[in-house]
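What follows is a walk through one protein model, taken a few residues at a time. Keep the coordinates open while reading.

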Amino acid sequence: MSESFEQLLGATRVVPVITIDDAQRAVALARALVAGGLPVLEVTLRTDAGLEAIGRIAAAVPDAVVGAGTVTTPAQLHAARAAGARFIVSPGCTDALAQAAAQAGGAFLPGAVTASEVLRLLERGITTMKFFPAQSSGGIAAIRALAGPFPQVSFCPTGGIDLELAGAYLALPNVVCVGGSWMVTPELINAGDWPRVTALAAAAVAATS
Ligand code: 3PG
């Protein structure tokens, strides 16, 4: 029986959403985030380096829980699992993707924003969902409203969330974690400014615990 996304999260409430161009920087980046108290890492497949970055982190940073984000096809899902991704995040969901996730096993966090999208995931037994793009999809007010018809659903909002907003989202009872890239911007990664990444991660932990 594989672990659910919520089990993998444990006490973690902020998930860095990493988009990386150079896989050789992945291990140092992951170590910097773990050192700051953020061990659950989503590496998006938006760049060619994403899969290799996942593999490197899985192999070299045992304290990190690395997953793949922006997974939009069954082929990407299987490749990410093979590379070592312990969880799979998608901005939305399709039947093909949900079937591939069930087949591949492992934690799966697909996205839903509307009531109908939530209903389709519930039909598959999925109760923890990404909410993306959070800020432009109604943000805190929308997630609060969805708690009415869907008290059994927990959301992980991402998209436009920063340090200031994170705490407000996490104050909602139906938000289990938030995702964001503010502590892993391309500028920080390209500069290799790992102490700053650690400091921003620690600040995120301090602001949300
Ligand atoms: C995601 O895929 O979750 C988002 O792109 C992260 O959003 P942000 O870059 O606005 O934090």
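In which helix does Gly-50 lie? The model is a predicted one, and in it Gly-50 belongs to helix α3, which covers residues 50–60. With a relative accessible area of 0%, Gly-50 is buried, because the cut-off for that label is under 20%. Leaving out residues up to four places away in sequence, Gly-50 touches Ile-20, Val-43, Thr-44 and Leu-45.

The aromatic residues come next. How many aromatic pairs does the structure hold? There are 2. One is formed by Phe-5 and Phe-87, whose ring centres are 5.2 Å apart. Their planes stand at 65°, and the pair is therefore edge-to-face, as planes over 60 degrees apart are counted that way. This pair links distant parts of the chain, with Phe-5 in helix α1 (residues 5–9) and Phe-87 in strand β4, 82 residues apart. Both partners are on the buried side of the cut-off: Phe-5 has a relative accessible area of 5%, and Phe-87 one of 0%.

The other pair is Phe-131 with Phe-155. Here the ring centres are 5.8 Å apart and the planes are at 80°, so this pair is edge-to-face too. Which parts of the chain does the pair tie together? Phe-131 is in strand β6 (residues 128–131) and Phe-155 is in strand β7 (residues 154–157), so the parts joined are 24 residues apart in sequence. Phe-131 is buried, at a relative accessible area of 0%, and Phe-155 is likewise buried at 0%.

Methods. Residues numbered from 1 in each chain as written. Predicted model: local features only at pLDDT ≥ 70, side-chain atom pairs only at ≥ 80, totals over all residues. Heavy atoms only, no water. Helix = DSSP H or I, 4+ residues; strand = E, 2+ residues; numbered from the N terminus. Buried < 20%, exposed > 50% of the residue type's maximum accessible area, 1.4 Å probe, protein only. Contact = heavy atoms within 4.5 Å. Phe/Tyr/Trp six-rings, centres within 6.5 Å; stacked < 30°, edge-to-face > 60°.
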